[in-house]
Amino acid sequence: MTFRSHMDAALDEARAAAARGEVPVGAVVAQAGEVLARAGNRTREGNDPTAHAEVLAIRAACEALGTERLTGYDLYVTLEPCPMCAAAISFARIGRLYYGAADPKSGGVAHGARVFEHPQCHHTPEVYDGIGAEAAERLLKDFFAARRDENE
């Protein structure tokens, strides 16, 4: 089987989130080249601090499959998952995590809490970083620059 990245779909979700005034993060759950679920951040829209793109995509995929485990599924996300999302990824038993931009301030995979390195972590996915990083970083920088400009 040939590897197929779904980061473009995750970036589309991030752009849609930005258009809604949300922090532009998008996520896609896929298996064998097929997208099962996709989502962008909706924390402001839903007044829900847990409505991160990763959590929403995982919820939608689990609902579609009728299970709480996504063994063998891949998650593509535009930004390094935070500790909450990294824990959700572990609990969902995601097989492979692909993420774009690093998040030195709030990340939970390669930075900060490094959730998958803790002995209490139940499952550690294969992790591939830097996929579509430049586009994801640009989207985030432009979003926050526009917010700063609005507040000046």
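**Close-up 1. R15 and D12 share helix α1.** R15 and D12 both sit in helix α1 (residues 7–19), three residues apart, or about one turn of the helix. Helices (H or I, at least four residues) and strands (E, at least two) are DSSP runs, numbered from the N terminus. The model is predicted: local features need pLDDT of at least 70, side-chain atom pairs count only at pLDDT 80 or more, and totals for chains, interfaces and linings use all residues. Residues are numbered from 1 along each chain as its sequence is written, and side-chain values use heavy atoms, with hydrogens and water left out. The side chains of R15 and D12 meet in a salt bridge (3.0 Å, N to O). A salt bridge is a side-chain nitrogen of Lys or Arg within 4 Å of a carboxyl oxygen of Asp or Glu. The structure holds seven salt bridges. R15 has 41% relative accessibility, so it counts as partly exposed. D12 is partly exposed too, with a relative accessible area of 41%. Buried means under 20% relative accessible area, exposed over 50%, and partly exposed in between (1.4 Å probe, protein chains only).

**Close-up 2. R20 pairs with E45.** The closest N and O atoms of this salt bridge are 3.5 Å apart. R20 lies in the loop between α1 and β1 (26–31), and E45 in the loop between β2 (34–40) and α2, so the pair ties together parts that are 25 residues apart in sequence. R20 is partly exposed at 30% relative accessibility. E45 is partly exposed at 49%.

**Close-up 3. D142 and R138 share helix α4.** Both residues lie in α4 (residues 133–150), four residues apart, about one turn of the helix. D142 is partly exposed, with a relative accessible area of 40%. R138 is partly exposed at 46%.

**Close-up 4. Helix α2 meets helix α3.** The axes of α2 (residues 53–65) and α3 (residues 83–92) come within 9 Å and cross at roughly 20 degrees. Axes are lines fitted to C-alpha atoms, for helices over the stretch in contact, and angles run from 0 to 180 degrees between N-to-C directions. The two helices are therefore roughly parallel to each other; that term covers angles under 35 degrees. E54, V55 and I58 of α2 touch M84, C85, A88, I89 and A92 of α3. Contact means heavy atoms within 4.5 Å.

Terms used
Parallel < 35°, antiparallel > 145°, perpendicular 65-115°, else oblique.
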